[in-house]
Amino acid sequence: MRTRLITIITRLLRHCFRRRPALPAAPAAILILKPCCLGDVLLTTPLVAALRATYPRARLVYATQPWALPMVATSRHVDATIALPERWTPGALLATARDLRRAGFALAVVPDRSPLLALLSWLAGIPVRVGLDSAGRGFAYTHRVPIPLGIIHEAELYSRLAEVFGASAPRRLFFFPTPAAQQAAAALLARHRQAAGPLIALHPGGGQNPGMRLPRKRWLPERWAEVADRLSERHGAQVLLVGGPGDEAAAAAVVAAMRQTPVVLVQRWDWGVLGALIAQCDLFLGHDTGTMHLAMAVGTPTVAVFGPSDPQVYGPYGAHGLALWRPTPESPCFHDGVALPECPCAQQCMRNVQVDDVVAAAERLLRQATDRGE
């Protein structure tokens, strides 16, 4: 009911915003608005790269919430970042609009469906506003990009905004660890490197962020354990179990079921260090999480097990990623960032993915890397 009411109101409001100014030829400052979350922000990085290439002299500023800020804070394509409020209230909205107005942006680009962000960009007095128009919610944009019917990957959807400027976005994600982060990751690996075989990062947790907790995205820990053991025994691989706060139980369950002894690195991470660490690995194994998208962004071959969410929409984006999905008739149960309150298939979609499936996908990517001489 709430969603329908918002749609009706925004469709009425769009008639108040019919003026369509010309695109600026050389904007001095461009604002990108995308509040949340880790993976979603990373999925906007092809669009950011396209904007950087189109407007090389513009000041590119990315505004997001503190949780996701590290995904773009060190980007070579971004000049500055702004921390948005963690919670929107009328006062926070108006204060943010006032601050953005003072910055004097000539152009706003909003890869998000929220009507609140459309309103924010207008309240900020930004003359040219380009954003997604989901069910009429882009009412305040001067250049509305409709969301096509059918299935489209989120990164490709965001990248469609670049077409407004006559640009095309690369089909890959970007993350840039600092030299200090790379040195910290190298020192960490030097302390824990034990085997000469492939180095594999396994993230058995995830499925949580400040706005949502969805542990049903996680595959069975005993199956991850069997995958890790087989890759260790067949290829001499060394497995690093990585994770952050909230992943301790998932990692412990994998360790308890393994025959081999992995290195456990479950801790509160500096995201730059974690990204640099994963970049040094030969393979990443995980789920539909921000960490999986981080692995893709640093160029590490990635195998991701999917269940509640559709990999055609949220899967690994790039040539070096594979998604494994064995859906049930009820799948998916996660749409547009919102999950059904209960899992209609009782996680049968996750149980449908077998150990052999993951091992075969992992060995395929390891073989491809070897063939390329990496």
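A nonpolar core is a set of buried Ala, Val, Leu, Ile, Met, Phe, Trp, Tyr and Cys residues joined through side-chain atoms within 4.5 Å. The close-up views below come from a predicted model.

**View 1. The largest nonpolar core and the contacts of L294.** The largest nonpolar core holds 67 residues, and the members that touch the most other members are M71, L107, V109, L240, L274, L277 and L294. Helix α11, which spans residues 271–279, supplies the largest share of this core, with six residues. Apart from residues up to four places away in sequence, L294 touches L42, M71, F175, W271, L274, G275 and I278. A second, separate core has 32 residues, with I200, L220, A225 and V358 among them. In soluble globular proteins, nonpolar side chains tend to be buried together.

**View 2. V242 in strand β10.** V242 lies in strand β10, which runs through residues 238–243, and V242 is buried because its relative accessible area is 2%, where buried means under 20%. When neighbours within four places in sequence are left aside, V242 is in contact with L202, H203, P204, L265, V266, L274 and L277. Between V242 and G286 there are 9.8 Å in space, C-alpha to C-alpha, although the two are 44 residues apart in sequence.

**View 3. Helices α3 and α7 packed against one another.** Helix α3 (residues 45–54) packs with helix α7 (residues 154–163) at an angle of about 15°, and their axes are 8 Å apart. Angles under 35 degrees count as roughly parallel, and therefore α3 is described as roughly parallel to α7. The crossing in which α3 passes α7 is right-handed. On the α3 side, P46, L47 and A50 meet Y158, S159, L161 and A162 of α7.

**View 4. R230 and its polar contact with D356.** R230 is found in helix α9, which covers residues 221–235, and R230 counts as buried because its relative accessibility is 19%. The side chain of R230 makes a polar contact with the side chain of D356, at 2.6 Å. If residues up to four places away in sequence are not counted, R230 touches H235, V355, D356 and V359.

**View 5. T96 in helix α5.** T96 is part of helix α5, made up of residues 90–103, and T96 is buried, with a relative accessible area of 10%. Not counting residues up to four places away in sequence, T96 touches L84, P85, W88 and L120.

Key. Residues numbered from 1 in each chain as written. Predicted model: local features only at pLDDT ≥ 70, side-chain atom pairs only at ≥ 80, totals over all residues. Heavy atoms only, no water. Helix = DSSP H or I, 4+ residues; strand = E, 2+ residues; numbered from the N terminus. Buried < 20%, exposed > 50% of the residue type's maximum accessible area, 1.4 Å probe, protein only. Contact = heavy atoms within 4.5 Å. Polar contact = N/O pair within 3.5 Å; in protein donor to acceptor, adjacent residues only side chain to side chain. Axes fitted to C-alpha atoms, helices over the stretch in contact; angles between N-to-C directions. Parallel < 35°, antiparallel > 145°, perpendicular 65-115°, else oblique. Left-handed = near helix turned anticlockwise from the far one by under 90°.
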